[in-house]
Amino acid sequence: MGSLALSACSGGSGGSGADAGSEARISVTPGEGKEVALGSPISVKAENGRLTGVEVKDDKGQKVAGQLADDGSSWTSEGKVGPRTTYTVRSTAKGGKDGKGKESSSTATFTTQEAPKVNKLTNTPGNGQTVGTGMPVSILFDNPVDKSKRAEIEKSLKVTTQPKVEGAWGWVKDWSGQDRIDWRPKDYWPSGTKVSVNGNLAGVDSGEGGWFAKNYQFGFSIGADHKAVIDVPSHTLTMYENGKPVGDIKGSAGSPVDPTRGGVHTVRSKNAAETMDSSTIGHGNEWMLDSKWVTHLTASGTFLHSAPWNQSLGVENNSHGCFGMTTSDAKRVYDFLPIGSTVEVKNTSSTKVTDVGNGLEVWQESWDQWQKRSALK
């Protein structure tokens, strides 16, 4: 990428002495033209003067944010140029080292190259959602992200919270096999927290998976503090609100052959009615059962759900890893636990370690373990 020096389009008077006749020379990088290469920021410089204003817009009319140097000598965009985008840069400057000389103005326009492949993302939770106190920010990429590119991508992502909450990004391999990056707070969210996520990703290279074509912004809120704890030996699920128990429900956890996975799970989704298909969890064609009020924990099939076919609810743990209840109790749990709330399974005989990518399982690791997933080391 070259830079283009732009002469003054208009001039003015001002200043005194040697500065009064000085005129700034403005240059813009990338310079005017088409098929400008991807991967660089936009910069504006004033030689023999100080910038007094810089406005950059893309072909959709969106402004490009940037920072002006303290001495007014340069301006640099916060992000990089996106693919197949036309940018217009309008700048003004005053000449002389004190910026008291003649005023200059310039306009530059350039168009960037088309990306050979575009990498898109899907964010969880959705914009404007209210979620539980265990919900991570989860970003799923539709194309692979090279390990060598992860640090730059992570730097381009920012989480802002009100009130301030400590947290960190971690790279995850999703259950689907796709690359993912999650941000989890050190501890559970305080109820009422407002969360904003900004991804300044336009023009960032993700490697073989392609380039990002746009910036992303979304936000969500943390709702009531609702959690659940399952004690496997007593066949009991206890609901908690603000740390206090508000109700027990009897049910059936996994059998000794298929014990329920332990640790702290996060509610990833819910479904009012669905068919339990044994083939989806490696049990062939053993069963095909209709269930209501299904609360999904792991992606591999650990659910809370109605089990009207089970005659041993509250007496025997005989499921294939889920926690089954009566239909009315399953609805109570379904209504009580929002997406993003946590369900802790205690005293299970299961020795399986649930991978973080098997759902929104960020609480399966300690804070120290989680921080090691960051690419910024």
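# Strand β17 and its surroundings

Six bridges connect strand β16 (residues 194-199) with β17, and the two strands run antiparallel. The model in which they are found is predicted. Within this pairing, Ser196 is the residue that stands opposite Gly219 of β17. Strand β17 also has a partner in strand β11 (residues 130-131): two bridges join them, and here the strands run parallel. In that pairing Thr130 faces Ser221 of β17. Strands of a sheet pair through backbone hydrogen bonds, and they may do so in parallel or antiparallel fashion.

These pairings belong to an open sheet of four strands, in the order β11-β17-β16-β13, and the pairing in this sheet is mixed. Its edge strands are β11 and β13 (157-162), each of which pairs on one side only. As for β17 itself, the strand covers residues 216-222, and six of its seven residues are buried, so β17 is largely enclosed by the rest of the structure.

Along the principal axes, the C-alpha trace spans about 95 × 40 × 35 Å. Of the 377 residues, 49% count as buried. The accessible surface is about 17800 Å², and carbon and sulfur atoms account for 46% of that surface.

Contacts in the chain can be sorted by separation in sequence. Among those between residues at least 6 apart, 67% join residues that are at least 24 apart.

Tyr240 is part of strand β19 (residues 236-241). With a relative accessible area of 27%, Tyr240 is partly exposed, because that value falls between the 20% limit for buried and the 50% limit for exposed. Leaving aside residues up to four places away in sequence, Tyr240 touches Asp225, His226, Lys227, Val229, Pro245, Val246 and Phe336. Asp58, by contrast, is 182 residues from Tyr240 in sequence, and the C-alpha atoms of the two are 50 Å apart in space.

The backbone has some details to look at as well. Most peptide bonds are trans, and most residues other than glycine have a negative phi. Thr29 and Pro30, however, are joined by a cis peptide bond, with omega about 0°. Pro30 sits in the loop between β2 (25-29) and β3 (33-36). The bond from Gln162 to Pro163 is cis too, its omega being near 0°. Pro163 is found in the loop between β13 and β14 (167-173).

Positive phi values come next. Glu35 is not a glycine, yet its phi is positive, at about 60°. This residue lies in strand β3, and Glu35 counts as partly exposed at 45% relative accessibility. Arg84 likewise has a positive phi, near 45°, without being a glycine. Arg84 is located in the loop between β7 (74-80) and β8 (86-95).

Notes
Residues numbered from 1 in each chain as written. Predicted model: local features only at pLDDT ≥ 70, side-chain atom pairs only at ≥ 80, totals over all residues. Heavy atoms only, no water. Buried < 20%, exposed > 50% of the residue type's maximum accessible area, 1.4 Å probe, protein only. Contact = heavy atoms within 4.5 Å. Areas by Shrake-Rupley, 256 points an atom, 1.4 Å probe, with all protein chains shown as cover. Pairing = 2+ DSSP bridges.
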